[in-house]
Protein chains: 4
Amino acid sequence: MVSVTQTERDRDIIHATLTQLVVANRILAREGIIDNFGHVSVRHPLRDDRYFLSRSRSPEIVSRDDIMEFTLDGEKVSDDPRSPYAERHIHGAIYKDRPDVNAVAHHHARPVLPFTMVNQPLKPIFHMASVIGTNVPVWDSQDEFGDTNMLVDSMEMGHSLARALGGGRAALLRGHGAICVAQDLRAVVMISIGLRDNAALIQSTLALGPVKYLSDGEIEKTSAMLLGEMPLRRAWDYWVARAGYSGL
Amino acid sequence: MVSVTQTERDRDIIHATLTQLVVANRILAREGIIDNFGHVSVRHPLRDDRYFLSRSRSPEIVSRDDIMEFTLDGEKVSDDPRSPYAERHIHGAIYKDRPDVNAVAHHHARPVLPFTMVNQPLKPIFHMASVIGTNVPVWDSQDEFGDTNMLVDSMEMGHSLARALGGGRAALLRGHGAICVAQDLRAVVMISIGLRDNAALIQSTLALGPVKYLSDGEIEKTSAMLLGEMPLRRAWDYWVARAGYSGL
Amino acid sequence: MVSVTQTERDRDIIHATLTQLVVANRILAREGIIDNFGHVSVRHPLRDDRYFLSRSRSPEIVSRDDIMEFTLDGEKVSDDPRSPYAERHIHGAIYKDRPDVNAVAHHHARPVLPFTMVNQPLKPIFHMASVIGTNVPVWDSQDEFGDTNMLVDSMEMGHSLARALGGGRAALLRGHGAICVAQDLRAVVMISIGLRDNAALIQSTLALGPVKYLSDGEIEKTSAMLLGEMPLRRAWDYWVARAGYSGL
Amino acid sequence: MVSVTQTERDRDIIHATLTQLVVANRILAREGIIDNFGHVSVRHPLRDDRYFLSRSRSPEIVSRDDIMEFTLDGEKVSDDPRSPYAERHIHGAIYKDRPDVNAVAHHHARPVLPFTMVNQPLKPIFHMASVIGTNVPVWDSQDEFGDTNMLVDSMEMGHSLARALGGGRAALLRGHGAICVAQDLRAVVMISIGLRDNAALIQSTLALGPVKYLSDGEIEKTSAMLLGEMPLRRAWDYWVARAGYSGL
């Protein structure tokens with residue numbers, strides 16, 4: 001009997017995780033972070049060696065039935081005939097290399113793109129962007145892989161990107177986009193939006209004069225506060241309301 | 001009997017004030033002034049030593065039940081268990097220091113942010129922005145408080161900010177956002193939007209050539225006109241229609 | 001009997017004109033040309049010495065009942081107690097001074113504002129903006145009237161502005177906005193949008209290199225084509241569909 | 001009996017093509033590529049010497065009944081009394097000169113316009129724009145035709161433009177707009193959006209530092225991947241969902 005109860009509770013936990021993943025997809029679409037391409041995943045809440053990710057679909061239209069389960073090597077767990085994202089290895093490699101990370105987003109938010117090419121650091125200049133961390137490195141697929149179709153479509157490329165990310169919360173891909181990682185889906189949405197808004201703000205500020213970044217102390221204290229339970233819950237409620245979709 | 005009538009009238013006045021506060025929340029969200037964080041308050045219409053403010057919630061989804069009453073020191077009046085905004089002290093400190101002010105908004109409208117960092121005055125350059133006043137000072141939490149989590153979360157910080165504001169209608173917070181104050185909620189919305197639009201306009205104008213600010217005489221005459229009853233009512237009707245929410 | 005029929009036909013003509021005026025209000029709001037302030041009028045289709053204009057209301061919410069009739073001197077024709085726009089004299093003065101003009105719009109479309117201040121001509125750089133004409137003059141209320149509340153709120157100011165406009169299709173007001181004039185409401189909407197889009201386009205082009213304006217011959221031929229019946233009808237159908245309001 | 005079946009299958013093919021053409025119209029409107037003017041066509045799926053294009057209407061409101069059939073010389077096939085686009089010759093000339101092309105879009109997406117005037121190449125700087133190809137030439141109607149109304153309204157002008165396009169996927173028209181061509185409607189939408197987004201991105205990147213274009217090898221490999229069946233289907237599903245219109 002105990003084991004049955006255990007199973008039911010597990011099912012509830014998984015169900016809640018999948019629901020939140022679908023909502024995160026819709027939010028990232030609604031907030032203009034992800035358009036036709038890009039994706040967001042979550043680590044399996046009960047197994048460190050698995051993650052959930054939609055089949056190859058635009059986040060705007062992802063629903064529960066689209067979610068698939070993968071090993072960290074990107075193998076499908078069931079014999080689902082549907083096509084996964086070619087770039088799912090971004091997610092698996094990061095989950096392998098970063099045990100503290102439970103959610104990963106890959107997107108091409110336009111204001112971020114210039115920073116993948118020019119010699120201008122994408123550091124926090126306002127408090128809501130402190131969550132991106134003090135350093136956002138740039139990874140260039142050319143360095144190790146030469147001319148490619150620019151997809152991170154192998155575990156080898158995924159680990160290369162994960163090495164560039166290091167212990168950070170975001171990294172940029174030259175001429176391509178960004179990855180954001182966090183302890184949960186709410187935080188990875190906040191980091192994705194903070195990265196985009198900070199990038200846009202540096203651009204408009206530089207046109208007026210020299211940028212004054214937050215101090216390292218401010219970044220540490222402000223991000224610790226924003227990634228706490230209350231701000232995350234308040235922000236999530238807001239995004240859910242705007243997305244018009246609570247997963248139900 | 002008289003006292004009963006008095007009480008009913010009082011209740012009507014308070015009800016109208018709370019309704020307008022909820023609508024102001026929705027308007028500031030709809031107009032893109034406030035997103036997940038930021039807030040707007042109104043002084044109690046019958047007691048100078050109290051103000052109304054939502055519990056910790058994004059203005060986009062604030063409704064009547066969310067409004068809480070505070071003393072100017074930021075203490076809850078009832079034993080409501082819900083969490084207030086950590087930054088409510090902005091409101092209390094200003095209501096204490098500025099008896100002429102009955103409405104306060106705190107927001108992070110993006111075009112305003114560059115002016116919190118660079119040496120470029122945020123002065124009115126077009127008639128609709130005359131309401132922000134001739135001088136919008138910048139307050140930097142570093143100056144008195146060093147590295148913080150950047151929230152104005154104590155009465156001490158609130159009063160420091162209020163001193164920077166002085167007798168003005170708006171002030172900027174370095175790397176953070178802005179506060180706007182006015183005689184009523186309609187005016188504080190107009191000032192918030194004027195501040196944002198003026199900031200954006202200075203940026204696009206400077207890219208073309210030197211900015212020509214309004215003269216002090218124009219600012220005085222035009223703001224007096226715009227903050228009059230008829231323009232405020234016309235603007236409010238417009239914002240209510242766009243927000244799709246009249247508080248009913 | 002003939003006179004009765006005549007009257008009915010007249011009524012139909014006036015009704016169609018008023019409907020189109022309401023729709024033009026909604027379109028200019030939907031297209032982001034007019035926000036809380038600004039207005040659009042049409043000359044009376046049967047009397048050159050009268051014009052129609054909403055009471056003091058934001059175009060976004062103007063409906064048939066809001067339309068008032070004025071003499072060219074800005075006097076109300078009926079004893080309607082409602083307040084007219086203080087700036088209605090822009091319309092009357094232009095209708096007096098420009099017999100070829102049957103529709104006038106006054107707005108503060110943001111991308112236009114920088115050109116009211118800097119020494120940079122607002123000349124057509126792409127075909128759809130040819131309708132603004134070869135020269136868009138700037139009028140500064142300071143020159144004749146000194147420090148004011150910046151409203152064009154007298155016939156004297158209206159005629160001053162009309163003199164600056166001359167025989168053109170648009171003029172700018174320093175630190176304030178623009179006026180656009182045309183033979184009908186559809187054309188005045190096209191000119192208003194063309195002015196805004198051209199202003200935005202000059203700004204983004206100048207950031208890349210020197211602007212190449214249309215030649216005078218191109219402006220003449222292209223504007224004659226665009227202000228013809230077929231392009232006006234096609235554009236109007238588009239704007240009506242977007243505004244979601246056909247006046248019915 | 002066989003011939004009847006054949007006819008039914010043909011009718012199905014044509015019906016599917018027309019439906020996709022209507023949806024492409026709505027998508028290009030929804031994505032902000034085409035506003036009141038501009039158009040998109042498809043070659044007849046069963047006859048190389050014919051193409052389908054809406055009557056003179058804004059793509060936002062095009063529906064099945066608006067589609068007309070033309071010879072490559074721009075002659076109507078039926079005696080439909082409705083007016084075609086004056087610029088339909090863009091489509092016919094390209095279908096004549098480029099047997100590999102089955103879909104053509106002509107638009108005036110604003111971020112593209114500066115590149116029609118300044119000496120700045122519109123080359124891919126991020127992977128999703130690789131589909132525009134390595135070289136986007138500029139055609140100036142002045143060179144061969146002098147002062148015109150700027151419409152490409154004859155087969156002579158259409159062929160001149162097609163010569164400038166050469167074997168490419170997009171070309172620019174000075175002070176006017178762009179044309180995009182592809183093997184099918186889904187690809188022509190992807191190229192149109194990629195062209196617009198790349199143009200906007202070059203502008204924001206140049207403000208920060210020198211642009212790093214994709215390498216020729218990256219352009220070739222990435223565009224081959226993106227113009228494949230799976231990415232096109234995934235993107236199309238996304239655009240259809242956003243347009244809220246599946247042609248049914």
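Author: A residue counts as buried when its relative accessible area is under 20%, as exposed when that area is over 50%, and as partly exposed in between, using a 1.4 Å probe and the protein chains only. The model is a predicted one, in which local features need pLDDT of at least 70 and side-chain atom pairs count only at pLDDT 80 or more, while totals for chains, interfaces and linings use all residues. Residues are numbered from 1 along each chain as its sequence is written, chains are lettered from A and ligands numbered from 1 in the order in which they are written, and side-chain values use heavy atoms, with hydrogens and water left out.

A salt bridge here is a side-chain nitrogen of Lys or Arg within 4 Å of a carboxyl oxygen of Asp or Glu, and the whole structure contains 72 of them over all chains. One of these joins Arg242(D) to Glu31(D), whose closest N and O atoms are 2.8 Å apart. This pair brings together distant parts of the chain, with Arg242(D) in helix H7 and Glu31(D) in the loop between helix H1 (2-30) and strand E1 (39-43), 211 residues apart; helices (H or I, at least four residues) and strands (E, at least two) are DSSP runs, numbered from the N terminus. Glu31(D) is buried at a relative accessible area of 11%, whereas Arg242(D), at 23%, is partly exposed.

A second pair within chain D is Asp140(D) with Arg174(D), where the closest N and O atoms are 3.1 Å apart. Here Asp140(D) sits in the loop between E5 and H3, and Arg174(D) in the loop between strand E6 (170-173) and strand E7 (177-182), 34 residues away. Arg174(D) is buried, with a relative accessible area of 4%, and Asp140(D) is buried as well, at 10%.

Asp140(D) also reaches across to another chain, since it forms a salt bridge with Lys212(C) in which the closest N and O atoms are 3.2 Å apart. On the chain C side, Lys212(C) lies in the loop between helix H5 (185-206) and helix H6 (216-226), while Asp140(D) lies in the loop between strand E5 (138-139) and helix H3 (141-145) of chain D. Lys212(C) is partly exposed, with a relative accessible area of 38%.

We can now turn to where chain D meets chain A. Contact means heavy atoms within 4.5 Å, and this contact takes 31 residues from chain D and 34 residues from chain A. The two chains bury about 2800 Å² between them, 65% of it on carbon and sulfur atoms, where buried area is the accessible area (1.4 Å probe) that two parts lose on being put together, summed over both. On the side of chain D, Leu208(D), Arg234(D) and Tyr238(D) lose the most area to chain A, together 28% of what that side buries.

Which polar features cross this interface, and how many of each? The rule finds 3 salt bridges between chain D and chain A, and one pair that meets in such a bridge is Glu218(D) with Arg174(A), at 2.6 Å from N to O. There are also 10 residue pairs in polar contact, both at pLDDT 80 or more; a polar contact is a pair of N or O atoms within 3.5 Å, and within protein one must be able to donate a hydrogen and the other to accept it, with residues adjacent in sequence counting only if both atoms are side-chain atoms. Helix H5 (185-206), helix H6 (216-226) and helix H7 (229-243) of chain D each supply at least two residues of the side that touches chain A, and H7(D) gives the largest share, 9 residues. By class, that side has 17 nonpolar, 7 polar and 7 charged residues, where Ala, Val, Leu, Ile, Met, Phe, Trp, Tyr, Cys and Pro count as nonpolar, Asp, Glu, Lys and Arg as charged, and the others, Gly among them, as polar.

Finally, for the other chains around this part, chain B and chain D do not touch, their nearest C-alpha atoms being 11 Å apart. Chain A does meet chain B, in a contact of 31 residues from chain A and 34 residues from chain B, and the count of salt bridges there is 3. One of those partners is Arg174(B), which pairs with Glu218(A), the closest N and O atoms being 2.6 Å apart.
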